[in-house]
Amino acid sequence: MEYTHLSEFRIRCGDLTIWTPALTSPDAWHEDERPLASVHEQYLGFLDPADTRPGRGRWIGTIFEMDAPLDAEAWAATLQLWHDRHEGFRTTVAPTGDGGYHRVTTAPGTVCVTGAAVADLFDGDEINEYLCDALELRLSALAWPHLLVATVAHDTDDFTVLVGADHSVLDAYSQAVLILELRTLYTAVTVGGEIRDSATFGSPADYAVIERAAAEELAPDSPAVAVWREFLGAPGSPMPRFAADQVAALDGEHAQPSVSRTLLSIDELEEVEAALDRLKHRLSVSVFAALAIASRETFGDNRFRTVMPIATRPDLTWLESMGWFVNVVPVDITLPAGADMTVALNETRASLKRAHLCNDASWGRSLAMVGAVEGPTYGASFLDIRMLPDYELVADLRGRTLRAVSYSTEEVYFWVVRGPDGLYVSTRHPAGRPGEVMDRFLAEFARAMYSVTTVATATAPVTDTAAALSAG
């Protein structure tokens, strides 16, 4: 499943409808004493309530093609059931009066969803442009609804579905699994069938209670804080950056270039995976080892530092929840002089094991304790899409996860995915960085990944390898 911009997805021509949640009563909101998750509260602190384009650079979403004709009444019922099921879509924030925010929530059955047709718009490219603009204008972390849905009804027996949301109510895992959930709900509504309830649709607000309690237990001498301290260096030191000295300053605001490409074909990847089996290492370890080697070969850096977003769903209660269940952990790999891929794999395994100490520790609170003056600007994640249920069906539905266009002059992120057809990567970087720099880095990355196949002898058995799974 590609992680891409909406503008890079070809929407077929058809009739566009925007589906918007609304409350059945203006008095439906009630005060909710459950806290906001640390990452949610921190996120709100960076927002400008007067921003006329609150979704700019912040929304995420999913697009796919439903393999059934659009029945407007049934689709509205499907979306209402979806909101009833997931409290994450029925909770928002209100100002506290002192510059902060607290939670308010509405009960199941208080949200209705209505569709509004967009007249005189049928061409797929024009629809795409309209939706890119609408998502920036309408999606905000400070104003409910934090989610909207668009459909494009075609002259065939299917329709395109776009779900766009502020990041505060959706994460990468949610983006991927919502496709089959909406398909299952819509099928049940249209042709009959059980609309199941489940203990695995837990509320993000209930998770926030657990997350905030864990954050409060952090202390300057906590093991997780020590890992972050080593990662950052001296208090006030800048965060690691990707080729910071190769970014030209540009006048005005510029969209970050986005690059998506296949690193390894399925045949090459299967060779790599067979070699990793012999070496007793996971694919996630080889991805970060290859990033470290590519950094050395491209920029001459023996020390590779990045942050890795991870899923923080603590147990099955939140397995199928819609929400933002994400933490960030530091990955810090130092390659000895002349290290080959065998050494890099072992160093990376140890680094990922150290990072595991930070899995349940609020990254924002940890960074505050070590004297960080800024947040992360360089991140990388890995996801094996085969862990998702019915991932092959998602591909048949043209499923894509989407991210907003970023305008950052510093941030660089890599999303590496093991898909059914090979290993591919999506990345974004500042507009002031020459494209040749990223091209060279990605070439070295692919070369390092494939070099695993030349390692002939197995290393000692690995009993505890940290998995690097994306959440974002």
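Two strands count as paired if DSSP finds at least two bridges between them, and strands themselves are DSSP runs (E, at least two residues), just as helices are runs of H or I with at least four residues, both numbered from the N terminus. The model on screen is predicted, with local features needing pLDDT of at least 70 and side-chain atom pairs counting only at pLDDT 80 or more, whereas totals for chains, interfaces and linings use all residues. Residues are numbered from 1 along each chain as its sequence is written, and side-chain values use heavy atoms, with hydrogens and water left out.

Start with the sheet. Select His 30, which stands opposite Thr 105 in β6, and then Asp 32, whose bridge partner in β6 is Arg 103. These pairs belong to the antiparallel pairing of β3 (residues 30-32) with β6 (residues 101-105), which extends over three bridges. Thr 105 also has Thr 91 opposite it, and here β5 (residues 91-95) runs antiparallel to β6, joined to it by five bridges. Between β5 and β6, which form a hairpin, lie five residues, and Gly 97 in that turn has a positive phi of about 100°.

Now show the three strands together: they form an open sheet in the order β3-β6-β5, with antiparallel pairing. β3 and β5 are its edge strands, each pairing on one side only.

Next, select helix α1 (residues 38-45) and helix α5 (residues 204-217), whose axes (lines fitted to C-alpha atoms over the stretch in contact, with angles from 0 to 180 degrees between N-to-C directions) come within 8 Å and cross at roughly 85°. To see the contact (heavy atoms within 4.5 Å), display Ser 38, Val 39 and Glu 41 of α1 with Glu 211, Arg 212 and Ala 215 of α5.

Finally, turn to the largest pocket, with a volume of about 1,500 Å³, taken as the space filled by probe spheres set on grid points joined across faces, edges and corners. A pocket is an open set of points on a 1 Å grid over the protein atoms alone, where a 1.4 Å probe fits and protein lies on both sides within 12 Å along at least five of seven lines; lining residues have an atom within 4 Å of a point. Of its 45 lining residues, Tyr 43, Pro 376, Glu 411, Tyr 413 and Arg 428 lie nearest the centre. The largest share of the lining, four residues, comes from α10.
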